[in-house]
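Here is a briefing on one protein model. It covers confidence, the core, salt bridges and the surface.

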Amino acid sequence: MESLAYSSSITFVSSASRIPLSRRYLSSSYKSPVITHRPIEGRRSSSSFSSSSSSVSPLFGSHSRLSLLNPNPFDHRLKSHRTQKPIQASSSADEKVQSSGSAPQGAKLVPFAISVAIGVIVRFFVPIPVEVSPQAWQLLAIFLSTIAGLVLSPLPVGAWAFLGLTTSIITKTLTFSSAFSAFTSEVIWLIVISFFFARGFVKTGLGDRIATYFVKWLGKSTLGLSYGLTISEALIAPAMPSTTARAGGVFLPIIKSLSLSAGSRPGDPSSKKLGSYLVLSQFQSSANSSALFLTAAAQNLLCLKLAEELGVKIASPWVSWFKAASLPACVSLLVTPFILYKLCPPETKDTPDAPAMATKKLEQMGPVTRNEWVMVGTMLLAVSLWVFGEALGIASVVAAMLGLSILLLLGVLDWDDCLSEKSAWDTLAWFAVLVGMAGQLTNLGIVTWMSDCVAKSLQCLSLSWPAAFGVLQAAYFFIHYLFASQTGHVGALFSAFLAMHLAYGVPGVLAALALAYNTNLFGALTHYSSGQAAVYYGAGYVDLPDIFKVGFIMALINAAIWGVVGGFWWRFLGLY
C-alpha cells in the first residue's frame, strides 16, 4: 500500500536485470509502493522499474537494459540537468528507507504521532453520540487511527494493522476470537491465492508470450500497437488478479522495449515519440480491464465481501459482475486508446518494425513450454469454476485452492514460491484486520449511524435516489485524491458509502457494483492512486502534470460512459 503523496517520482531498484523473464519473478511487482513525501525541486527524473528481488529484462533487443546506477543509460547528459533527487519507493511488506546509507529503525515519529492523535481525539475529546455505545465508539477511534496509519505509513502496512488489532484486544474493545474472525474469510484467502496465480503467469512467461503475440498481430501502427496491448491485458486480466503485476511483469517491459527501439527515451523530449502515449494508454485502459472481471483485481473481491456484510448478497457473483460491467467496460476499452491518441498524439504514427521484433522474440522464446500449457489449463479450469461454481456447489475459494494444488503438484510453482510471496502474506494480515474491524463496526451499529446522518443531510436537499446515487458515487470517486491505495480506500470508505446508498433507497446490488467499479476506475486518477500508477509513472515517460491532466479528463470520460451506457445497460439487466 502506498503512502499519501502529492508530487513525487519513483525509483525501483534492480538486482538481476539480465535474467530471462521466463525464469524469474517479480516478487514485489504488484505491491503498492510507498511513496515518501518530497517536494519537486525540478524536472522529474526518469526511473526504471524492477522489484526488490528481481527485475524485468528486455523483451525486444538489448537496448532496453536498465542500469542499476543510471536510470537512463541512453543519455548521460540528462543526468547533469536534473535537480530533483529520486524519491524512493518501498513495498508495504518490506519498507526500506534508503538515505545516506542507513535506514532509521522503528516507527516514523511524525506519522506515528498524527495517527495516534486522531484516535485519541476521537475517543476522548469528541462527545459520544447517544445512538452509539462506548464500545462501538472506542472501536471507531481505533479504526480511524489504523486508517490514518495506512495512509501516513509510520510503519509498513502489515505492522501497523497488527498494532491496531493488538490495541483492540488490549483495550478489551474486541475479544481475541472476534478480532481474528476475518482471518478465516473465504474472500481473504481467495485474494491470497490470486497472488500465487499471478506469480505463475510471470514465472512461466505465459503473460509475456500472450502480449507479444498481440504486438505481432496488431503492431504495425502506434494506434494498433496500443489496441493490441489493451486487448491482451483484457484477456489476461481474469486469470492474473493483480493490475500491478500485469503492469510491471508484462506490459511495461514490452512498452519500454518498443519505445527504446523507436528512439523514445524516458526523461527526454523523445519520450513523446512513442513511450508517453503507450504508457498513458495502457495505464488508463488497465482500470477498465480490472473493472471488467471480478477476479481481475484483489479489491473487487473485498468490495463484494464488505457488501455481503451489509446484507447485499449478489447471486453468481462472477457472472453478475461480468454481465453488469461488460458493456460500459468494453466501450471504454475501445475508445480509450483512440481518445488518448488524439489527446496526447505520439510523434511516431507507424511502427512497422514492431511485428518483426515480436516475431523474433517469439522465436527466441521457442515453443510453448509444458509449464505454460499447465498454466493455461489450470487457469481455464479455475475461471470455469468461478463462472459455474455456484451451480456445481463449488465455492470460488475452493476453485482457487484446486488450481493452486495443481500448479504445486505439477511443479509450475513450488512451496518456496508461495513462501517468498511476501505481498500475499502481508495482504492476508492487513486485509483481514481491516475487514474484521469493518465487520465489527457494522455489527456494533457505527456504519448504520453514520449512513443515517448522511442520509438525513441529503434529504434536506430533497434529492431523489438517482440524484443521491450520483452525488455519492462522485464523492467516493474524487475522495481518492486523498488516498494512495485502492484497497485502503475500500477498507476505509466502501462500507460507509454503501450504507449511505442503502439508507437513501438506492438498490443494493446497483450501489455495491457501481462503487466497486469506481474502485477500479480511480486507480488511474493520479501517479499515486494505485500500484500500477506508481509502476507506469516510474517508467519516466510521462511528466507529472500530464498524469494529472489525463487522469482528470479520462475520469470525466469514464464517468460519462459508465453513467450513460452503464445506466441504460443496468436498467436493461433489471438492477433498478
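Confidence in this predicted model is lowest in strand β2 (residues 89-90), with a mean pLDDT of 36. It is highest in helix α20 (residues 508-521), at 97. pLDDT is the predictor's confidence in each residue, from 0 to 100. Helices (H or I, at least four residues) and strands (E, at least two) are DSSP runs, numbered from the N terminus.

**Confidence and conventions**
- The protein has a mean pLDDT of 80, and 82% of its residues reach 70 or more.
- Over residues 1-101 pLDDT stays under 50. For this stretch the model has 284 contacts (heavy atoms within 4.5 Å) beyond four places in sequence.
- Where pLDDT is low, the predicted coordinates should not be read in detail.
- Residues are numbered from 1 along each chain as its sequence is written, and side-chain values use heavy atoms, without hydrogens or water. Local features need pLDDT of at least 70 and side-chain atom pairs 80 or more, while totals for chains, interfaces and linings use all residues.

**Nonpolar core**
- A nonpolar core is a set of buried Ala, Val, Leu, Ile, Met, Phe, Trp, Tyr and Cys residues joined through side-chain atoms within 4.5 Å. Buried means under 20% relative accessible area, exposed over 50%, partly exposed in between (1.4 Å probe, protein chains only).
- The largest such core has 160 residues. Trp386, Phe494, Leu498 and Tyr517 have the most contacts inside it.
- Helix α5 (residues 186-204) gives the most to this core, with twelve residues.
- Beyond four places in sequence, the contacts of Leu498 include Ala307, Leu310 and Val312. Gly508, Ala511, Ala512 and Leu515 are also among them.

**Salt bridges**
- The count is six salt bridges, each a side-chain nitrogen of Lys or Arg within 4 Å of a carboxyl oxygen of Asp or Glu.
- Asp417 pairs with Arg199 (3.5 Å, N to O). Asp417 lies in helix α15 (residues 415-419) and Arg199 in helix α5, so the pair ties together parts 218 residues apart in sequence. Both residues are buried.
- Arg209 pairs with Glu372 (2.7 Å, N to O). Arg209 is in helix α6 (residues 206-218) and Glu372 in helix α13 (residues 370-392), so this bridge ties together parts 163 residues apart in sequence. Both Arg209 and Glu372 are buried.
- Arg199, Lys203, Asp417 and Glu421 are linked in a salt-bridge network.

**Two single residues**
- Gln486 is found in helix α19 (residues 486-503). It counts as buried because its relative accessibility is 7%.
- Phe124 is found in helix α1 (residues 109-124). Phe124 is exposed, with a relative accessible area of 60%.
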